[in-house]
Amino acid sequence: MKRSMAILLVIALVFSALVFTACGGSGSKGMTFIKIADLKASGTEYDFLKANSSLDDALLVAQISKDASGELTVPAKSGDADVIAVISEDASNDKVTALTLEEGVQFMENCFKDGSAVATLTLPATFKEVYHSFNKNTALTEISFGRKAQYIVDSFCDCEKLAKVESAGYLYGVKDSFLNDKALADVTVTGAVQKSENSFNGSGMTALTFAENVHEIFTSFNECPALKTVTFEQMASGISNSFNKCPAFTDITFKQGSGRLFKSFCDDPELTNADFGGNGVNNAESFTNSPKVVLPE
């Protein structure tokens, strides 16, 4: 009788462990879970916490283990607690090949830098912010951000195979991102952009269309060797130190006015057509050394 009870107890314990793991418990593959309260107490400053200081301290952060490998899925829950963010124990991990974030996860920081081999990144509709991640990736070919995406900071630079980026959200800030992505041929922005700062320089797109309102572009889209055409549906503020030294650039179109231009569209030897939607151009030190373009009176 005692032997039978012991066997039943072992079976029950094993079953419980399997259920706990399947629900995203501490046994989830390749990661551990940390309360935001404990992350704050560790003394390490995270940008997603500084930008969202009101996050409940009981929420969890998934920390990808330094020895994680293969395909990883970050669950939206661990036990009864919600998982809100993803960080990494070792940002230079090069053994993970695919990463999926479940619906509910919103932030990512300090993940997969310096030669990571993640080939597939699947982000949920809830995803909002990414910081200091996926630089020097060797395998990722495309990224799609949903309508809640807000900030992309110091991420996705020097990605040798990244060819396609889509964004449908209202991007409050793209900063220090998508630099020197020479294979990046397709950038599709169907949402609005509050600010692009020091981003997309040295990238490989041939055409660029902003389907909704763009407020400000600073020091972006410079030295893009294949860029030929840019179309803005609407500019609310202006463009500064951008779209310079693009040797193939021929056409720019502002459908509803250009806003203020400062030190932009310079050293573009093939720029010929500039359509400002029938409006004048508020121009300061722009179009220097772009000899073929004719500006409106």
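Me: In this predicted model, two strands count as paired if DSSP finds at least two bridges between them. What makes β3 and strand β6 (residues 96–101) a pair?

Reply: Five bridges link β3 with β6, in the parallel sense. The definition asks for at least two bridges, so β3 and β6 pair. Within this pairing, the bridge partner of Gly70 in β6 is Val96.

Me: Why are β3 (70–74) and β8 (120–122) described as standing at the edges?

Reply: The open sheet has three strands in the order β3-β6-β8, with parallel pairing. β3 and β8 each have a single partner strand, so one side of each is left without a neighbour in the sheet. From one strand to the next, the twist averages 15°.

Me: How do you know that strand β14 (residues 186–189) pairs with strand β16 (residues 207–218)?

Reply: Four bridges join β14 and β16 in the parallel sense. Since at least two are required, the two strands therefore qualify as a pair. Asp186 has Ala207 of β16 as its bridge partner.

Me: What makes strand β15 (residues 193–197) a partner of β16?

Reply: β15 and β16 run parallel and are joined by four bridges. The cut-off is at least two bridges, so β15 pairs with β16. Here Val193 has Val214 of β16 as its bridge partner.

Me: How do you know that β16 also pairs with strand β17 (residues 229–240)?

Reply: Nine bridges join the parallel strands β16 and β17. Phe218 stands opposite Ser240 in β17.

How values were computed: Residues are numbered from 1 along each chain as its sequence is written. This is a predicted model: local features need pLDDT of at least 70, side-chain atom pairs count only at pLDDT 80 or more; totals for chains, interfaces and linings use all residues. Side-chain values use heavy atoms; hydrogens and water are left out. Axes are lines fitted to C-alpha atoms, for helices over the stretch in contact, and angles run from 0 to 180 degrees between N-to-C directions.
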